[in-house]
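Work through the following exercises with the sequence and the structure side by side, and try each task before reading its solution.

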Amino acid sequence: MYKLDKKNKEIIYQLDVNSRQPNNQIARKVKLSREVVQYRIKQLEKKGVIKGYQTLIDVSKLGYINCRFFLKLQEETPEQEKEIIEYYKKHPKFWWVDQIGGFRDFGLACWVKNIYEFYDIKEDLVKRFGKYINNIHISIYCKFYVYNRDYFVSKSQREIETKTLFFPEKTDFDDKDIKILRLIAANSRMPIIELSEKTKISVTNVNLRIKKMINKGIIKGFKVLLDLEKIGYYWYKVEVQLSDIEVKKKMLSYFENDPDIVYAYETISDNDIEFEMEVESYEKFREVLDKFRAFFGKSIKKYHYFLWYKEHKFLFMP
């Protein structure tokens with residue numbers, strides 16, 4: 001396990017707030033020199049703590065729906081699990097592939113243009129891997145809330161904000177925008193000059209297009225991808241059914257101000273609200289969960305939780 005010191009936590013936090021901000025800007029905020037910040041980032045990348053940098057792209061603005069499968073397997077072997085992982089890692093419509101510890105085994109999420117395309121993908125899943133599947137849980141994301149990793153810094157250093165994805169309104173874009181998005185989706189820190197060279201679009205135009213896509217809500221932010229296992233953190237998900245759905249707005253405000261909660265979702269499924277946290281231990285998870293239950297217990301019909309085991313693909317772009 002790699003032990004993060006205070007300054008490394010502050011640097012990671014700034015990369016999580018905006019991974020495209022230059023090193024000299026991060027240096028001012030964490031009170032180190034640009035050279036030291038650059039060295040520390042390179043060491044965190046070398047140690048595998050930082051796996052990469054991603055752009056939060058709201059593909060609903062491009063005309064896509066976000067759908068999800070949770071799978072419980074049966075009669076499977078590690079080889080068959082690997083076959084499922086590799087197939088969906090390579091599948092161009094799937095943006096997220098994750099193994100789960102607990103009452104589910106896999107989480108898979110895809111971008112589709114309509115429910116008929118979703119139906120075809122589901123049919124393909126069953127035809128290919130149905131003999132290994134005991135249960136399929138299907139849902140459609142309606143709202144996706146992304147919070148900063150505030151647990152890395154003190155309360156006075158936190159930049160509390162919510163990046164909300166998935167809306168019914170499309171916006172205009174063209175093939176040049178898509179070229180840029182496909183490059184920065186997997187590397188949000190790619191320099192403008194490199195983006196210009198790879199897209200054959202001028203530096204000025206690349207800059208202008210990125211700014212326009214931010215203003216249009218296509219680009220919602222720039223984050224850092226971490227290997228939580230390397231730093232001794234665990235990623236838990238809690239799914240909640242409510243007896244009073246009017247409380248959802250208060251819950252979302254609560255999530256925004258809880259430093260350990262990093263994602264929340266509203267879906268078309270049997271869950272009314274879902275949220276995820278990154279914590280150092282099971283004891284910390286219970287502390288966060290019990291605090292939530294104490295606050296909203298009267299509105300909760302039931303809940304369950306599980307541990308994300310291993311993330312194999314996480315890319316906000318078809």
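**Exercise 1.** Which residues does Asp270 touch, not counting residues up to four places away in sequence?

*Solution.* Begin by placing the residue in this predicted model: Asp270 sits in the loop that runs between strand S9 (261-268) and strand S10 (273-279). Next, list its partners beyond the sequence neighbours, which are His137 and Gln241. Then look at the side chains, where Asp270 and His137 are joined by a polar contact of 2.9 Å.

**Exercise 2.** Determine how helix H1 (residues 6-17) is capped and covered.

*Solution.* Start at the N-terminal end of H1, which is capped by Asp5 through a side-chain oxygen 3.3 Å from the backbone nitrogen of Lys7. Then follow the helix from its first C-alpha to its last, a reach of 17 Å that is close to the 16 Å expected. Count the covered positions next: nine of the twelve residues of H1 are buried, among them Ile11, Ile12 and Leu15. The buried residues pack against several elements, including helix H2 (23-30), helix H3 (34-46) and strand S1 (50-57).

**Exercise 3.** Describe the packing of helix H9 (residues 248-257) with helix H10 (residues 282-296).

*Solution.* First take the geometry, in which the axes lie 12 Å apart at an angle of about 150°, and H9 passes H10 in a right-handed crossing. Then identify the contact residues, which are Lys250, Met251, Tyr254 and Phe255 of H9 together with Lys291, Phe292, Phe295 and Phe296 of H10.

Technical notes: Residues numbered from 1 in each chain as written. Predicted model: local features only at pLDDT ≥ 70, side-chain atom pairs only at ≥ 80, totals over all residues. Heavy atoms only, no water. Helix = DSSP H or I, 4+ residues; strand = E, 2+ residues; numbered from the N terminus. Expected span 1.5 Å × (residues − 1). Buried < 20%, exposed > 50% of the residue type's maximum accessible area, 1.4 Å probe, protein only. Contact = heavy atoms within 4.5 Å. Polar contact = N/O pair within 3.5 Å; in protein donor to acceptor, adjacent residues only side chain to side chain. Axes fitted to C-alpha atoms, helices over the stretch in contact; angles between N-to-C directions. Left-handed = near helix turned anticlockwise from the far one by under 90°.
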